[in-house]
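Here is a friendly walk through one chain, with the cut-offs spelled out as they come up. Have the viewer open and follow along.

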Amino acid sequence: HNPVSIRAVARTLQAPRRGRVLLVFGTSREKDAREMMKALQPKVGLAIFTRSKSPRALASVELAGLWRKPALCIGSVARAVGLAQKIARPRDIILITRSFYVAGEALEAVGHEA
């Protein structure tokens with residue numbers, strides 16, 4: 001939800017055996033995306049940036065512009081989660097984080113109520 005909590009998440013991520021961390025990330029314009037990405041970048045094998053339906057959401061291409069590694073930009077949370085699920089290998093971790101809006105839309109995409 002903020003740089004402090006994202007750093008806590010990053011500390012708990014241990015590289016899975018022979019697996020990657022796939023990040024699905026979207027945030028609001030007023031949040032410090034650069035600081036949050038700095039904490040996550042060393043832990044992430046592939047970033048998928050997305051945008052929630054919130055009018056405050058930052059565009060996925062703007063997020064990708066802050067990332068220092070190749071990344072994908074997907075226009076909706078549901079499609080971003082679906083892509084992560086399709087490309088994930090058995091030992092991979094899919095981390096969906098940052099915005100409560102993104103988390104809620106991700107839960108809907110996988111069939112859980114937010």
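What percentage of the 114 residues in the chain is buried? Buried residues make up 42% of them, where buried means under 20% relative accessible area, exposed over 50% and partly exposed in between, with a 1.4 Å probe and protein chains only.

## Ground rules

This is a predicted model, so local features need pLDDT of at least 70 and side-chain atom pairs count only at pLDDT 80 or more, while totals for chains, interfaces and linings use all residues. Residues are numbered from 1 along each chain as its sequence is written, and side-chain values use heavy atoms, with hydrogens and water left out.

## Overall layout

The chain has five helices and four strands; these are DSSP runs numbered from the N terminus, with helices being H or I of at least four residues and strands E of at least two. Read from the N terminus, the elements follow the pattern α-β-α-β-α-β-α-β-α. The radius of gyration is 13 Å, close to the 13 Å that the globule rule gives for 114 residues, so the chain is as compact as a globular protein of that length. Here the radius is taken over C-alpha atoms, and the rule is 2.2 Å times the number of residues to the power 0.38.

Along its principal axes, the C-alpha trace spans about 40 × 30 × 25 Å. Among contacts with a separation of 6 or more, 75% come from residues 24 or more positions apart, a contact being heavy atoms within 4.5 Å.

## The sheet

Four strands form an open sheet in the order β3-β2-β1-β4, with parallel pairing; two strands pair if DSSP finds at least two bridges between them. β3 and β4 (93-98) stand at the edges with a single partner strand each, so one side of each has no neighbour in the sheet. From one strand to the next, the twist averages 20°. Axes are lines fitted to C-alpha atoms, for helices over the stretch in contact, and angles run from 0 to 180 degrees between N-to-C directions.

Now for the pairings themselves. β1 (residues 21-26) and β2 pair over four bridges, and Leu22 has Leu46 as its bridge partner in β2. Six bridges join β1 to β4, where Gly26 stands opposite Arg98. β2 is joined to β3 (residues 71-73) by three bridges, with Ala71 in β3 as the bridge partner of Ala47.

## Crossovers and strand faces

β1, helix α2 (residues 33-40) and β2 make a right-handed β-α-β unit. The chain then crosses from β2 through helix α3 (residues 60-66) to β3, again in a right-handed β-α-β crossover. Right-handed means that, with the strands pointing away from the viewer, the path from the first strand over the helix to the second runs clockwise. α2 lies across β1, β2 and β4, and runs at about 175° to β1.

In a regular strand the side chains alternate between the two faces of the sheet.

## Two nonpolar cores

A nonpolar core is a set of buried Ala, Val, Leu, Ile, Met, Phe, Trp, Tyr and Cys residues joined through side-chain atoms within 4.5 Å. In the largest one, of 19 residues, Leu23, Phe25, Leu40 and Phe49 touch the most other members. α1 (3-12), β1, α2, β2 and α3 each supply at least two residues of this core, and α2 gives the most, with five. Another core lies apart from it, with 11 residues that include Leu22, Val24, Val77 and Val102.

Leaving aside neighbours within four places in sequence, the contacts of Leu23 include Leu40, Val44, Trp67 and Leu95.

Which residues does Ala84 contact, leaving aside its neighbours within four places in sequence? They are Leu22, Val24, Ile48 and Ile94. Ala84 lies in helix α4 (residues 77-87) and is buried at 0% relative accessibility. Its C-alpha atom is separated by 7.7 Å from that of Ile48, 36 residues apart along the chain.

Ser60 lies in helix α3 and is buried too, with a relative accessible area of 11%. Not counting residues up to four places away in sequence, Ser60 touches Phe49, Thr50, Cys73 and Ile74.
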